[in-house]
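Reader: I have a chain to look at and some terms to learn. Please show it to me, and then I will ask how the terms are applied.

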Amino acid sequence: MQIRSLITDSSKGRGRRKLAGAAVLASALMLSAAPMASAAPTTTGGEIESITISQQKAEAAVDYWTADRMKAAKNADSLVAGKSGSAAKVEIGKPAKVAGHGADVAAGKQTQKKGGKTRATQETPVSHIGKVFFTLGGSDYVCSGNAVVSGNESTVSTAGHCLNEGPGAFATRWVFVPAYENGKAPYGSFAATELVAPTEWSNGGDISYDTGFAVVSTSGGSTLTDAVGASGVAFNQARGEQYTAYGYPAASPFNGETLQSCTGYASDDPFGQSQSQGIPCNMTGGSSGGPWFLGSGSDGYQNSVNSFGYSSVRDTMFGPYWGSVIQQAYQNAQN
């Protein structure tokens, strides 16, 4: 993966943030075709911003993403360049979990062994985890995402930088391709009809809030979760838990064609530049937005996403703490 500098302040020993995997894994899908117009963003409660996308534009997005364009999409490292975090503690509410369906959703299977395996492991496709493709700033990008339990049965979680510039414009031609592998899309593509992000990200670019949600249209007459199932979600949980992270890293030594995973216990940002947590993982750009599950395996509660890494902290992936603000963004999307 090509590392981009997100935060650089060597005089204070802070290190550099990179995208994807150990950096802000922004597999951002910036499409190189002319961007499609989108609705003006609306702010809800001063903390959440969203845009709606017409069904016509959603259908056009599905048509746009041919196999060749998917292969040509670049990872979104550049989308997090220059981003910074806040030392301020994120807002934390009451611990909350919403059970998923379509799979055995455990409360997060904990093992007794500390530590984790830094090297990513190739996985067979998981129905609810997939790749995200979108256009931003006139370029095509690729990220990762996950179908989560929702009232509308159509909500996908991803990184904030995989749907909004942070701060800046929302993406266009945004689609989710579940269970992607080697060019195959067994469930087809689901196009976004709404994109949602905390204003801390969409207006401030605060990496501690690097999470977004997309509401997608049906595909083949089925809702997303009818087709692929949905993960449970958890918010305001204890720090330092064991996680299993998934994604489609596209930068070397990976090629973005297969699902990869890492497992380990979370630790705080060593430079105190964000409220994000890191786990041992060498995934690269393209894995941005992939889900973190509590415990081991993909059947636990999702509790973060692949977000960024530091060039000076080898083989470590950071993900935002899902507190009450990200919980509100999820509530806005899933309803």
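**Terms and the values behind them**

Author: Thr244 is part of strand β16, residues 242-247. Strands here are DSSP runs of E with at least two residues, and helices are DSSP runs of H or I with at least four, both numbered from the N terminus. This is a predicted model, in which local features need pLDDT of at least 70, side-chain atom pairs count only at pLDDT 80 or more, and totals for chains, interfaces and linings use all residues. Residues are numbered from 1 along each chain as its sequence is written, and side-chain values use heavy atoms, with hydrogens and water left out.

Reader: Why is Thr244 called buried?

Author: Buried means under 20% relative accessible area, exposed means over 50%, and partly exposed is in between (1.4 Å probe, protein chains only). Thr244 has 2% relative accessibility, so it counts as buried.

Reader: What does Thr244 touch?

Author: Contact means heavy atoms within 4.5 Å. Leaving out residues up to four places away in sequence, Thr244 touches several residues, among them Cys262, Trp292, Phe293 and Gly295.

Reader: Which backbone oxygen lies 2.8 Å from a polar atom of the Thr244 side chain?

Author: That of Gly295. A polar contact is a pair of N or O atoms within 3.5 Å; within protein, one must be able to donate a hydrogen and the other to accept it, and residues adjacent in sequence count only if both atoms are side-chain atoms.

Reader: What is phi in Asn182, and in Asp315?

Author: Phi is near 50° in Asn182, a positive value in a residue other than glycine. Asp315 also has a positive phi, near 50°. Most residues other than glycine have a negative phi, and most peptide bonds are trans.

Reader: Which peptide bonds are cis?

Author: One joins Gly166 to Pro167, with omega near -5°. Another joins Ser252 and Pro253, with omega about 10°.

Reader: How confident is the predictor in the chain?

Author: pLDDT is the predictor's confidence in each residue, from 0 to 100. The protein chain averages 83, and 81% of the residues score at least 70. Over residues 1-40 the pLDDT is below 50.
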